[in-house]
Every structure is written in structure tokens, then in C-alpha cells.
Amino acid sequence: MSEEPAARPEERPRAPREVWKKGGRLLSVLLAVNVLLLACTLVSGGAFNKVAVYDTDVFALLTTMMLLAALWTAFYLLRTARRPGAVPHRDAHAGPIWLRGGLVLFGVCTLVMDVFKTGYYSSFFECQSAIKILYPLTQAVFVIVQTYFLWVSAKDCVHVHLDLTRCGLMFTLSTNLAIWMAAVVDESVHQAGSHSNASHARLAPDRECAGSQAGGDCACATTVCRIFEQGYFYLYPFNIEYSLFASTMLYVMWKNVGRLLGSGHGHGHGHGHAPSRVSLFRETFFVGPVLGLTLLLVGLAVFVVYEVQVSGDGGHTQQALVTYYGFNIACLGLMTLVSLSGSVIYRFDRRAMDHHKNPTRTLDVALLMGAALGQYAISYYSIVAVVVGVPRDALGALSLAHALLVIAQHTFQNVFIIESLHRGPPGAEPPDAPPKEPCLTFANPDALHALPACPPTPGPVGPSLEGPQEATAATPAPRTHWRRRCLKDISLFLLLGNVILWIMPAFGARPHFSNKVEVDFYGYSLWAAIVNICLPFGIFYRMHAVSSLLEVYVLA
């Protein structure tokens, strides 16, 4: 009787929070949508010379957004998180160590990029607006503050300042997405300009743009300035990935605001708990790591040869494309077969499916499916151009095979990853209810002796059952161990394959423009728009697949 009054005070405060949660989320989402649309309008408008939006306008907006986001982050760390009872729960699923480690790695590369960017704009300071130097400095401060914030607070389920925290998280998420859009537009215009003689990048910091606006004094003529410029663009992929990593972690934090976790759910239950003995290549057959590393090294060699031949006089472009497509076809074909074999192994896996509520896993699945649409779109456009187009040569056949394998590889890899993420941890095998439950009704050892077909069960049955129980539990161990090793090999091979397929497009490989099949069929303007819109999603897919496959490897 004395326990009933203690249960009611826990239920009463939960009701108003649940009622206002949807309203608070709606308010924060509306704020994020409006801020993001404003940033998208300025960023896209600043990418074209015919639109009267200058790069200084874009830089001013992004600088203001980063300053406001950094101020809110400091407020959260110094005030919100320090209030009594502010963080009663921590979600073990959110912010795994490999995701935070990747965030730190990309953050360090972004800081280096900001140094190059500051040095580049400082090379002709007399011709540039001060905002162009203030922008990379502000971004460096923002990256440092945000990285520390996500490292220490990614798992928080905060229960104070609910509406302010939701709006702050969504505003910071919108800031990262705006920086991502600006970087994607800048890099896409730069890459498209390098493949065409027309330069129409107003947002990109190119020499022609600077010279046209302020005469010859603004030309990047010194060796140091050119080094800063080249390093600036080569580090763009890391900045892009940093913004996306931070956005995913901020979204999970936003979902966890005001969240009440059950006992044990936020402390290592399910997918959030990685085994304590995590060692790369441990408990594998070494086939997956060896093949994956071989694929990575060969891919790097092919990428270097492709870049050298394409950037030359143009006489070796055909050979470079054949080499590039040949490697990608072999790589995608192997990855498709390996993904299929992983799905087949899961048909014999007895681990139960994990149906617990997990915002991190839900977001991972949504991002995998959504980001794959970018490569799907490019592939289907290529298929139509090759099949309907008039010239049918060897290069067209390679392009067609490459497009079909991209679709197949994305599909089967997504199936394997998503099923892996929904599997329970090792040892979570579903009980065989029909054959075992009748045997649990017998508590008398003498009665159990009369049922030889009934497997021994744990519980207060008697010491005579411990020997047979251990024998039956040890029988399927070798098969389970064999399956686990195969899954680890598959995960590592796919992980390394996705790494090389991320490196190639992220660092400048654009066979879409060197191969004239699609350009001649759609026209340069339409095809460039298709590639520049869809390819960033494909690049993000590869890095997000790497993160998911690392989790699959740990949980196998």
C-alpha cells in the first residue's frame, strides 16, 4: 500500500512533457526550415554570375549563423547541462566512439582547410572584403566548440530548457547543413569549371573571379597563394563530411530531448553497447581485410593514373576512362556478391531481431536509403543515355555496365547493412517456444528422465542437469563462431571498398564529364546540373556506409 503514492508522482510530470513535446518539436522544425531555406536561397543565388547575390552576402550569413550557434552551444555547456537533474539519462545508442572519432578527424582537417582559406584570402587582402577572412576564422572557432560539445554531450537526454534546447539543436543543425550546401556548391562549380572552359563561379574563390572584380591586383600569382588555393579545395571533402556527421549527431540529440529511458535501456543495452574487446582484424579469416586492402591500394593507383591522364593533353582520356570503369565494375561486382553472401548467412542466423526504439538506428536507415537515391538517379540517367543514344561503342557498354552495377551494389549493400543493424547482439537467440515450453512444466527430475527427447532447461531442476546443459550449449558454438567470422570479413571488405569508392569522387574524379555519352545526349548544362545535385548524396552515402559497416563489424 505504501508503494502506490510513490508511483504516481513519476507519472504525473510525464504527461505535460509528452503533450508539449510535439509542439516544441514543431516550433524547432519550423525555425530550422525557415533558416535553411534562407541559406539555400543565398547559396544557390551566389553560385551564378547572372544573379545579383555576391559571395560576401553568403559569407556574412554563414558567419552570423555560426556565431549564434556557437553562443547557444556555450550556453548549453555552461548553464543547461549543469543544472541539477538536467541529464537524468544518457542514450547508449547515440554517439558511438567511431562516429565521434570520425567527427574529430574531419574536424581537424576542416581546421587545416580554414588555415589554407585564410592564407588564400590574405594573399590579396587589399582587394577582398574583410568578411572573407573573418568567415574561415569564425568557422574554426565554431568547429572547435561544436566538436567538444558533441564529444561530451552526444548521449544526453536533457530534461531542462526543453524548447530552447530543441530550437538550439535545430538551428545548429541548419547551420551545418548550410555550410554543407555552400561547400558542395563551391566544389561543384569548381569541378565543373575545370572540365569546361567557362567559369561562372561567383561563390568559388577562383582567380578569374577575383581578377574580374578588382583588376589584375587581385590575381593569385604567387606560389604560396596557389598552394593555399589547391590545398583549400583538396580539403573540401573533409569539411563536407564533418558537417554531415555533426548534423546526424545533432538530430539524434534533438530526438532525445525530454526522452525517458527504461531501466537498462540507456546503459549499454542493444546496439549501443560495443564489446569491450574490439580489435580490428580479430576473429576474422583475414580474407576480407586482405582483399579489402588490396582493393584500396589498387583503387588509389587507378585514381592517380586517371587524374594524371585526364588532366593531360586529352590524348589519353579514352584509356583513362576504360581503366577507371574497369576497376569500378570489378569493385562493384565483388561488393555485390559479398553483400549477397552476407544476406545468405543471415538466413541461418538464430539471433533475435532487435525491436527496441532506437533513434540512431532509425536515422542510419533513413540516411542510407535517402543518400542512395543520388547514385540511383545518375545511374538511370546514364542507362537512358546509353540505351537510347545513337553511338554504341565500348565506352558506352562500360558506362552501362557500371550504372547497372551501381544500382545492384547499393541495393544489396543496403539490405545487408539494415538487416545487420536490426540484429540483436551476440547471444540474443530467440527461444524455441513450441518444443521447449512443455518441458518447462516439469519440476521433478524423475519425470524429466521419462522424456529423453526433451532438452534440459536451466532453473531449479537439480544439479544433475548442469552437465547435459553445458554440452548442448557448447554444440552449436563452432557454427556460430564460423558465421561470426564470415560476417566480420564481409563487413571489413565492404568497409574498405566503400572507402575507395568515397575517395575517388570526393577528391575530384568526374568521369561523368570526361565521358561524352551523357554530355552529348543531355547537353552539358542539364547533365552538369544532374551530377552536381546528385553526386554529393552519393559521396555522403559511401562515408555513411563506412560508419554503419564499422558498427556491423563490432556487433557481428
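Predicted model: local features only at pLDDT ≥ 70, side-chain atom pairs only at ≥ 80, totals over all residues.
User: Are cysteine 486 and cysteine 534 buried or exposed?

Analyst: Buried means under 20% relative accessible area, so cysteine 486, at 14% relative accessibility, counts as buried, and cysteine 534 counts as buried because its value is 13%.

User: How many aromatic pairs are there, and which parts of the chain can such a pair link?

Analyst: Rings of Phe, Tyr and Trp pair if their centres lie within 6.5 Å, and the structure holds 26 aromatic pairs. One of them is the tilted pair of phenylalanine 106 and tryptophan 502, with 6.5 Å from centre to centre and 55° between the planes. Phenylalanine 106 belongs to helix α4 and tryptophan 502 to helix α17, so that this pair links distant parts of the chain, 396 residues apart; both residues are buried.

Another pair, tryptophan 180 with phenylalanine 537, is edge-to-face, at 5.8 Å centre to centre and 70° between the planes. Because tryptophan 180 lies in helix α6 and phenylalanine 537 in helix α20, this pair ties together parts that are 357 residues apart in sequence. Tryptophan 180 counts as buried at 13% relative accessibility, whereas phenylalanine 537, at 35%, counts as partly exposed.

User: Which residues lie over the face of a ring?

Analyst: Arginine 25 lies over the face of tryptophan 254, at 5.4 Å from the ring centre, while lysine 488 lies over the face of tyrosine 553, at 4.3 Å from the ring centre.

Notes:
Residues numbered from 1 in each chain as written. Heavy atoms only, no water. Buried < 20%, exposed > 50% of the residue type's maximum accessible area, 1.4 Å probe, protein only. Phe/Tyr/Trp six-rings, centres within 6.5 Å; stacked < 30°, edge-to-face > 60°. Helix = DSSP H or I, 4+ residues; strand = E, 2+ residues; numbered from the N terminus. Lys NZ or Arg CZ within 6 Å of the ring centre and 35° of its normal.
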